[in-house]
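Reader: I would like to learn how to read a model of this kind, one feature at a time. Where do we begin?

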Amino acid sequence: MILHSNIFGSGTPFVILHGFLGMGDNWKTLGKRFAESGLEVHLVDQRNHGRSFHSDEFDYELMSKDLKAYCNHHQLKDIILLGHSMGGKTAMFFATQHPDMVSKLIVADISPRYYPVHHDAILHGLSQLDFSEITSRTEADEALSKFIDHEGIRLFLLKNLYWVEKGQLGLRLNLKALTEHVAEVGESLPKHAVFNKDTLFLRGDQSEYIGPSDELIISQHFPNSKIVTIPNAGHWLHAENPDAFFKAVIHFVS
């Protein structure tokens, strides 16, 4: 099965991988800007997310294989690969396993290290959405607000809502599999995995995902990497400061 994607523009293939509980659509606005800069942008939905296939299995080895199958299917070579958060981990796995397929790597606000599980409240909140009673986005937001205070996070999660059929809402993501395998999201890059080509790590200045202690582990796995800090941004740095994010990526790519 081939991952679902939206493709814009023409030129050097530029593949973008979303984070946990996200989808390629989250990147549509930035994706179109990248396409206007002479890139063929692929906004990919990873397995169990967006419009891609559902599977009981979920880990970075599989997601890396999914991406290889996607690139082979679309005959993509020498790709620029960008991943945010979980997508950044998939991108790291893929680049270290298939360095011949990646010309440049961009990792947004995630380090190669292990991260403990921290999505429990979000997954629990999503599991409590009763679509036999909820018939609108507003009602879903109201129900979710009992578990998640942050409006921005709720808006992000509710992008997963869709009409299964007339009058029947549902979630696009495979909540059961993602809940069962949530520990996989924090897994570290294998100890000896190395990617020697140009790599850019972007971090939000208000995020704790990449701290000073991560700089050594990043340089060990990615010896030709640099870390750039995006101002006025947390973990969702591409959404919180899209202009600075766009400029940093385009500067690195060109």
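Reader: Which residue forms a salt bridge with Arg51, and how far apart are the closest N and O atoms?

Author: This is a predicted model, and the distances below are to be read with that in mind. Arg51 pairs with Asp25, and the closest N and O atoms are 3.6 Å apart. Next, look at where the partners sit. The pair links distant parts of the chain, with Arg51 in the loop between strand 3 and helix 2 (60-73) and Asp25 in the loop between strand 2 and helix 1 (28-36), 26 residues apart.

Reader: Which other residue forms a salt bridge with Asp25?

Author: Lys28 does, with 3.9 Å between the closest N and O atoms.

Reader: Are Arg51, Lys28 and Asp25 buried, partly exposed or exposed?

Author: Arg51 counts as partly exposed because its relative accessibility is 43%. Lys28, at 32%, counts as partly exposed, and Asp25 is put in that class by its 26%.

Reader: How many salt bridges does a search of the whole structure find?

Author: The search finds eight. Another of them joins Glu215 to Arg203, with the closest N and O atoms 3.5 Å apart. That pair links distant parts of the chain, Glu215 being in helix 8 and Arg203 in strand 8, 12 residues apart. Glu215 is partly exposed at 35% relative accessibility, whereas Arg203 counts as buried at 16%.

Reader: Now the sheet. In what order do the strands lie?

Author: The general idea is that strands of a sheet pair through backbone hydrogen bonds, either parallel or antiparallel. Here seven strands form an open sheet in the order 1-3-2-4-5-8-9, with mixed pairing. Strand 1 (5-8) and strand 9 (225-230) each have a single partner strand, so one side of each has no neighbour in the sheet. From one strand to the next, the twist averages 20°.

Reader: How many bridges join strand 2 to strand 4?

Author: Four bridges join strand 2 (residues 12-17) to strand 4 (residues 79-84), and the two run parallel. Within this pairing, Val15 stands opposite Leu81 in strand 4.

Reader: Which strands does helix 8 touch?

Author: Helix 8 (residues 214-221) packs on the sheet and touches strand 8 (199-204) and strand 9, its direction making about 140° with that of strand 9.

Reader: Which strands does helix 10 lie across?

Author: Helix 10 (residues 242-253) lies across strand 2, strand 3 (39-44), strand 4, strand 5 (102-108), strand 8 and strand 9, and runs at about 155° to strand 5. With 12 residues, helix 10 reaches 16 Å from its first C-alpha to its last, close to the 16 Å expected at 1.5 Å a residue.

Reader: Which residues of helix 10 are buried, and which are exposed?

Author: An α-helix has 3.6 residues a turn, so residues three or four places apart point the same way. In helix 10, the buried residues are Phe245, Phe246, Ala248, Val249, Phe252 and Val253. Seen down the axis of helix 10, the buried residues fall within an arc of 165°, so they line one face of the helix. On the other side of helix 10, Lys247 and His251 are exposed.

Conventions
Residues are numbered from 1 along each chain as its sequence is written. This is a predicted model: local features need pLDDT of at least 70, side-chain atom pairs count only at pLDDT 80 or more; totals for chains, interfaces and linings use all residues. Side-chain values use heavy atoms; hydrogens and water are left out. Two strands pair if DSSP finds at least two bridges between them. Axes are lines fitted to C-alpha atoms, for helices over the stretch in contact, and angles run from 0 to 180 degrees between N-to-C directions. Contact means heavy atoms within 4.5 Å. The expected span of a helix is 1.5 Å times one less than its number of residues. Buried means under 20% relative accessible area, exposed over 50%, partly exposed in between (1.4 Å probe, protein chains only). The arc is that of the directions from the helix axis to the C-beta atoms. A salt bridge is a side-chain nitrogen of Lys or Arg within 4 Å of a carboxyl oxygen of Asp or Glu.
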